[in-house]
Amino acid sequence: MLQQQQRRRDKAVRDRGCQPVAKFQTKEPFFGFDVKMAMHIDIPSLYRHHQRFGKTFQVNALVSIPEVCTLETENIRVLMTNGKDWGVEPLRLDGMEYLCGRGFLTTDGDMWNHSRKLLKPTFARNNLLDLGTLSKELDRLLDQVPNDGSTIDLAPGLSNMFLATSMDFLLGILSTDETPREAPCTPQVFLVSFQDAIVRTMFRILLGRFWVLAPKAKYLRNCKVSHDFIDFYVNEAMQDNKPLRGDDAVEAIPKQSMIRGLSAQTDDKHHIRSQILQGMLASGETISALLANTLLLLSRYPSYWQKIRTEALKRGSKLADFDALQDCKLVQNILRESFRLRPVFPLLSRNALCDTTLPSGGGPDQKDTIFIPKGTLVVMSYFSLHRDPSVFGDDVENFRPERWDTIRVEQWEFMPFGGGGRACLGEHKVLVEATYVLLRMAATFESLECRDTLPWKGELQLTCKSANGCKISLRRGPGIGK
């Protein structure tokens with residue numbers, strides 16, 4: 001059987017004109033743990049390997065599944081658009097299913113298509129216009145900032161703020177709401193349990209088959225707390241028969257939460273729970289990580305903070321206008337540059353669902369087709385992709401938002417929200433809310449100073465943010481505040 005498979009693969013290599021890919025031998029020879037761990041605790045490590053081996057290379061280990069790393073844009077296009085040959089289910093489902101089930105993050109094919117179709121109405125433009133909840137949560141955060149210019153780590157506050165707004169967006173409940181007596185726990189208990197379950201889920205994915213050796217009691221307990229909490233609100237939503245709202249819906253219908261949007265389309269309670277939990281995984285940390293990374297960069301380049309403040313004061317009381325926020329070129333460029341230097345998702349992987357090929361990376365010049373056996377993991381480092389001097393200029397390590405006024409970036413050269421069919425549905429939500437927060441903060445605080453002298457080090461869990469937090473100093477000045 002194995003010999004027949006190898007003969008078929010050898011014939012495919014010959015027929016398709018495939019050439020060998022550059023090889024990188026791991027220091028730990030069996031599973032390549034040294035490379036895999038470095039990807040998560042030393043974010044620039046793959047960038048250094050690409051500088052040494054080129055845009056495409058294979059990581060050699062004796063026991064683990066084959067692994068190819070690539071930055072070739074043609075390869076990325078194929079990986080992101082050919083859902084027949086490439087997927088995520090073999091990578092994610094085993095490790096994530098117990099906590100968050102089957103859905104848009106963990107499956108391929110028909111199940112993924114079904115899940116994504118159910119989610120789309122929640123991201124309709126009319127459902128994103130109201131920034132009232134974010135405004136109130138931001139008021140609470142700004143009230144916690146010291147008035148004397150002393151140091152504050154804003155990362156925890158940003159994380160808590162967007163967890164609260166995510167609860168509103170996904171479940172339709174606010175942190176200030178009184179918890180129903182029938183609820184299994186408070187939102188605060190749920191969030192603590194869910195966050196712990198997320199961390200342990202990430203370890204489960206990293207450990208793979210060695211997860212059986214890890215203690216599981218706390219993980220199982222926190223998964224149950226998370227399930228019971230969401231199930232309570234799923235049952236409530238199923239009793240709500242209000243019409244589904246879309247872009248052309250009547251404005252009198254209130255903003256719909258994701259849970260209500262899902263319950264209007266399906267009566268599968270387990271599936272609804274899975275989509276909500278996966279929605280929390282995808283949204284809870286994305287905007288807070290982006291803002292923490294951006295504020296830390298702005299604190300080291302304070303002239304841009306003054307530009308944002310000038311823009312905010314010029315806009316006056318109209319900071320919450322959705323269309324105006326989308327069109328704020330100054331802040332949009334700053335966010336693009338933050339995504340380029342400190343991508344919130346610095347790595348993305350796809351698994352070969354069958355024997356297949358990638359169009360580039362083989363041979364001495366890395367221009368020939370390469371053969372990819374079924375089961376091969378292909379890793380794309382966006383941290384490296386976003387540092388291509390031929391695209392972004394020779395000063396790729398500098399924070400220079402104005403570069404976006406002149407460069408012309410193709411679709412597969414800059415991917416802060418992924419691409420293809422799995423591109424992030426919440427892209428507009430993330431950019432508008434991040435822009436609003438930066439303008440509100442700049443209108444309130446006239447100066448932003450860096451209080452972190454350490455070199456940047458990324459911490460990768462679900463998202464990538466500074467391992468040192470976001471230690472800054474803010475001083476209030478005359479302004480509109482809102």
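Select strand 7 (residues 356-362) to begin: five of its seven residues are buried, where buried means under 20% relative accessible area, exposed over 50% and partly exposed in between, computed with a 1.4 Å probe on protein chains only. Helices (H or I, at least four residues) and strands (E, at least two) are DSSP runs, numbered from the N terminus. The model is predicted, so local features need pLDDT of at least 70 and side-chain atom pairs count only at pLDDT 80 or more, while totals for chains, interfaces and linings use all residues. Residues are numbered from 1 along each chain as its sequence is written, and side-chain values use heavy atoms, with hydrogens and water left out.

Strands 7 and 8 run antiparallel and are joined by four bridges; two strands pair if DSSP finds at least two bridges between them. Gly-362 stands opposite Asp-368 in strand 8. The two strands form a hairpin with five residues between them, and Gly-363 in the turn has a positive phi of about 80°. Next pick Gln-366, in the loop between strand 7 and strand 8. Gln-366 also has a positive phi, about 60°, although it is not a glycine. Its relative accessibility is 13%, so Gln-366 counts as buried.

Move to the open sheet of three strands, in the order 5-13-10, with antiparallel pairing. Strand 5 (152-153) and strand 10 (445-450) are at the edges with a single partner strand each, so one side of each has no neighbour in the sheet. Strand 10 pairs with strand 13 (residues 471-476) over five bridges.

Now show helix 19 (residues 427-444), which lies across strand 10 and strand 13 and runs at about 105° to strand 10. Axes are lines fitted to C-alpha atoms, for helices over the stretch in contact, and angles run from 0 to 180 degrees between N-to-C directions. Contact means heavy atoms within 4.5 Å.

Residues to display include Trp-305, Ile-308 and Leu-313 of helix 14, and Leu-438, Met-441 and Ala-442 of helix 19.

Which residues does Cys-328 contact, leaving aside its neighbours within four places in sequence? They are Glu-311, Arg-315, Thr-435 and Leu-439. Cys-328 is in the loop between helix 15 (322-326) and helix 16 (329-341), and counts as buried at 1% relative accessibility.

Stay on Glu-311 for a salt bridge with Lys-314, whose closest N and O atoms are 3.4 Å apart. A salt bridge is a side-chain nitrogen of Lys or Arg within 4 Å of a carboxyl oxygen of Asp or Glu. Glu-311 is buried at 16% relative accessible area, whereas Lys-314 is exposed at 63%.

Another salt bridge joins Arg-77 and Glu-74, with closest N and O atoms 2.9 Å apart. Both lie in helix 4 (residues 73-81), three residues apart, about one turn of the helix.

For the last stop, select Glu-337, Arg-340, Asp-395, Arg-400 and Arg-403, which are linked in a network of salt bridges. The whole structure has 22 salt bridges.
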